[in-house]
Amino acid sequence: MIVWIVFLAAVFVILALDLGVFNKTPHIISTKEASKWTLIWVTLSFLFSGVIYWLYSTNYIDNPDHLKPAVASMKFITGYLIELSLSVDNIFVIAIIFTSFKIPQKYQHRVLFWGILGAIVFRGLMIFFGVMLINRFTWTTYLFGIFLVFTAAKMLFSGEEEDFQPKDSFIYKALGKIIPITSHMEHEKFFTVTEKGTKAATPLFVALIVIEVMDVLFAVDSVPAILAITSDPFLVFSSNIFAILGLRSMYFFLANMLAKFSYLEYSLVAILAFVGLKMLLHEFIHVPEWASLGFIAVSLLLGILVSLKFGHEKELTDSDLS
């Protein structure tokens, strides 16, 4: 438990420094600043794999699956890459939410900051129950595998989906029944007092709630995906947290370039199908950790390279069709 406490304490210290020092004054985060922080978080994540190696070689952390240190490190990196890749769709939805509620760029970081705190809690609960189900009921491994393969097939064959409209969503309508919603923005406040003297939620709070709920929905895909790699609670949780912590900077870095990565969707399909089949066939085929890591890394790399080469042409074709 000491390692868990230290890890969580470090996360909250980092978040406190983030909001209280580095982003104390709301400002528009430039692409240069976002790229710098994206590089920092990716570097820290890969360096943490060394910490994982040390923890599992010194037995400072519970090792229910009796993993070797090198295997534990590879599982962490593999899980981190899966979570990071599946965050791309999340970034796209966040961009739609901010646009829909007309959230100024200088306040978007604040919304994402508090969104991360909620995501840590909800992801932790989902991971806890997911690990518990797999350990107690082994047949749930096949259930998760079928779900992931089905999700991959749906992404591949569903074609163009309807655009997500936050203001038409059940979340927005349900929130409006609980508390009055105003379109008036009062700096970085989540709540304001109307002319009638009643308390109302500002667009910042509404965007925060919609983002939180959407993150839970995305976690329904991502948590089973990482459970296909390992059911070790610390590896699953820590890789999720590092992906979530880097999500904000990656959002500001990629938000204006998402159209250029249109072929990355096929990489996500390949990754989900791979981990789903790995779950379904785990009793018949053993896939080495280096092979899993290599497949996921190559899938992401190919998706990025193909998008950079042909993404602009696809964007022009889609605009012509529309």
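This is a predicted model: local features need pLDDT of at least 70, side-chain atom pairs count only at pLDDT 80 or more; totals for chains, interfaces and linings use all residues.
Residues are numbered from 1 along each chain as its sequence is written, and side-chain values use heavy atoms, without hydrogens or water. Local features need pLDDT of at least 70 and side-chain atom pairs pLDDT 80 or more, whereas totals for chains, interfaces and linings use all residues.

View 1. A cavity is a set of points on a 1 Å grid over the protein atoms alone where a 1.4 Å probe fits but cannot get out, and lining residues have an atom within 4 Å of a point. Among the lining residues are Asn 90, Ile 94, Leu 112, Ile 211 and Arg 248. Helix α4 gives the largest share of this lining, four residues.

View 2. Ile 211 lies in helix α7 (residues 203-227); helices are DSSP runs of H or I of at least four residues. Ile 211 is buried, at 8% relative accessibility, because buried means under 20% relative accessible area (1.4 Å probe, protein chains only). Leaving aside neighbours within four places in sequence, Ile 211 is in contact (heavy atoms within 4.5 Å) with Ile 94, Ile 97, Phe 98, Val 111 and Leu 112.

**View 3. Phe 129 on helix α4.** Phe 129 is found in helix α4 (residues 105-136). With a relative accessible area of 44%, Phe 129 is partly exposed, a class that lies between buried and exposed, the latter being over 50%.

How values were computed:
Helices (H or I, at least four residues) and strands (E, at least two) are DSSP runs, numbered from the N terminus. On a 1 Å grid over the protein atoms alone, a cavity is a set of points where a 1.4 Å probe fits but cannot get out, and a pocket is an open set with protein on both sides within 12 Å along at least five of seven lines; lining residues have an atom within 4 Å of a point.
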